[in-house]
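Trainee: I have a structure here and would like to understand the words used to describe it. Could you take me through them?

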Amino acid sequence: MPPNGQSVHGGGGGLVSPTAAPAPSSKMDCFLTSVCTPLNLQFIDVAYRVKVERTAGPAKEPPGRISHSGGGGGGLGGVSAAVEERTILKGITGEARPGEVLAVLGPSGSGKSTLLSILGGRLAGRYSGTVLTGGRAPCRAVQRRTGFVAQDDILHPHLTVRETLAFCAMLRLPTSAPTSAKLAAADAVIAELGLGACADTIVGNAFVRGVSGGERKRVSIGHELLVNPSLLVLDEPTSGLDSTAASRLVATLSALARKGRTVVLSVHQPSSRVYRAFDSVLLLSEGSCMYYGPGRDAMDYFASVGFAPGFHVNPADFMLDLANALLRRSTAIARRREAASSSRCSRLTPGSSPPR
Ligand SMILES: Nc1ncnc2c1ncn2[C@@H]1O[C@H](COP(=O)(O)OP(=O)(O)O)[C@@H](O)[C@H]1O
Ligand SMILES: [Mg+2]
């Protein structure tokens, strides 16, 4: 039996040749719609810090002098390392409700993957703040009802889509479930994700021609869908897809959410059509939250605080421009601060010649 107590009946056959005749669609629906217990996800003041080793290069020698390493110390060629703490997420608060899609937007390096890893239970005990699932701290049962689709999928290139999902069903569904039920679950996922046309095509990779990028993403999502998750967390599922494929994929995710799942995804640069499918949006910039709320209200919010575009734009483009502008400004300030402090240091270094 698949998880969550759903009974699945359907085509037989073994793993060697998982070409089971598709079960009647009503039975597939039974697997994927009667599904899950709704799971509300709340995250309150979530912060994540890491210790990074900052290697200062060899002490600057005046021009014309060759620096000699070794002998007298200074470690590796005079390179010294200092450990400093870096804050990746700075107190992020929000909620993802069953039946809705929450999109985490932000430029590269803004902390999207880190936040998703925390929400998907991948960084348990390594962050501060609170994550609640169904009003309680996440437990193992919730972990089992969480599907996590990483940005870079690992799929066997020589298996067909059906074989991939059947193999996964054999491994991930309870041993008590009959083989026929597992194969039917794989077929149900193929139908749900619109993979019927490529079910018998090999997955492929950079060297072996296989399914398209969009289909490949769907197979990765299918992997997680097999365990019938209440919470589905996806890191950049649309990256690398053209806008039509991206919009079709997000429509599928929306449909999965409408059946009672909680869907959280990160997305780098969605088209306006994709953006419209998001119920809630969380915009990150350098680990800080710039906006959290309904996707349709974001532009009104930014206009109310003095940031309105001069002409009609894709809200996602505008929000990313704002987040990037903030990033550039804070990087420039940090650079200026660093330059000021290093010039102060060189003035204070004994023996260094005073600045002219
Ligand atoms: N364990 C870690 N150690 C050091 N830096 C990290 C670690 N995890 C994330 N980072 C840094 O945090 C920032 C945010 O990373 P990430 O969450 O992957 O951003 P995004 O997914 O938005 O591109 C990046 O600059 C990344 O290098
Ligand atoms: Mg990322």
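Mentor: Gladly, starting with the ligand. By class, the shell around ligand 1 holds 3 nonpolar, 7 polar and 1 charged residues. Please keep in mind that this is a predicted model, where local features need pLDDT of at least 70, side-chain atom pairs count only at pLDDT 80 or more, and totals for chains, interfaces and linings use all residues. Residues are numbered from 1 along each chain as its sequence is written, while chains are lettered from A and ligands numbered from 1 in the order in which they are written.

Trainee: Which residues are around ligand 1?

Mentor: They are Val50, Val52, Ile88, Gly106, Ser108, Gly109, Ser110, Gly111, Lys112, Ser113 and Thr114. A residue counts as near a molecule or strand if its C-beta atom, placed from the backbone, lies within 6 Å of it. For the classes, Ala, Val, Leu, Ile, Met, Phe, Trp, Tyr, Cys and Pro are nonpolar, Asp, Glu, Lys and Arg are charged, and the others, Gly among them, are polar.

Trainee: Which elements give two or more residues to that shell?

Mentor: Strand E1 (41–56) and helix H2 (112–119) do. The largest share, 3 residues, comes from H2. These names refer to DSSP runs numbered from the N terminus: helices are H or I with at least four residues, strands are E with at least two. The protein has 10 helices and 9 strands.

Trainee: What makes E5 and E9 edge strands?

Mentor: Two strands pair if DSSP finds at least two bridges between them. The open sheet of 6 strands runs E5-E6-E7-E3-E8-E9, with mixed pairing. Strand E5 (146–149) and strand E9 (288–294) each have a single partner strand, so one side of each lacks a neighbour in the sheet.

Trainee: How do you know that E6 and E7 are paired?

Mentor: Strand E6 (residues 231–235) and strand E7 (residues 262–267) run parallel and are joined by 5 bridges, and the definition asks for at least two. Val233 stands opposite Val264 in E7, and Leu234 opposite Leu265. On the chain's way from E6 through H7 to E7, the β-α-β crossover is right-handed; that is, with the strands pointing away from the viewer, the path from the first strand over the helix to the second runs clockwise. E3 and E7 also pair in the parallel sense, over 5 bridges, with Val263 in E7 as the bridge partner of Val101.

Trainee: Why is Asn228 called buried?

Mentor: A residue is buried if 20 or more other C-beta atoms lie within 10 Å of its own, exposed if 12 or fewer, and partly exposed in between, with C-beta atoms placed from the backbone. Asn228 has 25 other C-beta atoms within 10 Å, so it is buried. Asn228 sits in the loop between H6 and E6, and its phi is near 55°, a positive value in a residue other than glycine.

Trainee: Is Glu286 buried or partly exposed?

Mentor: Glu286 has 19 other C-beta atoms within 10 Å, so it is partly exposed. Glu286 lies in the loop between strand E8 (280–285) and E9, and its phi is positive too, about 50°, although it is not a glycine.

Trainee: How many residues of E7 are buried?

Mentor: In E7, 6 of its 6 residues are buried. Thr262, Val264 and Ser266 point one way, and Val263, Leu265 and Val267 the other way. Across the protein, 38% of the 356 residues count as buried.
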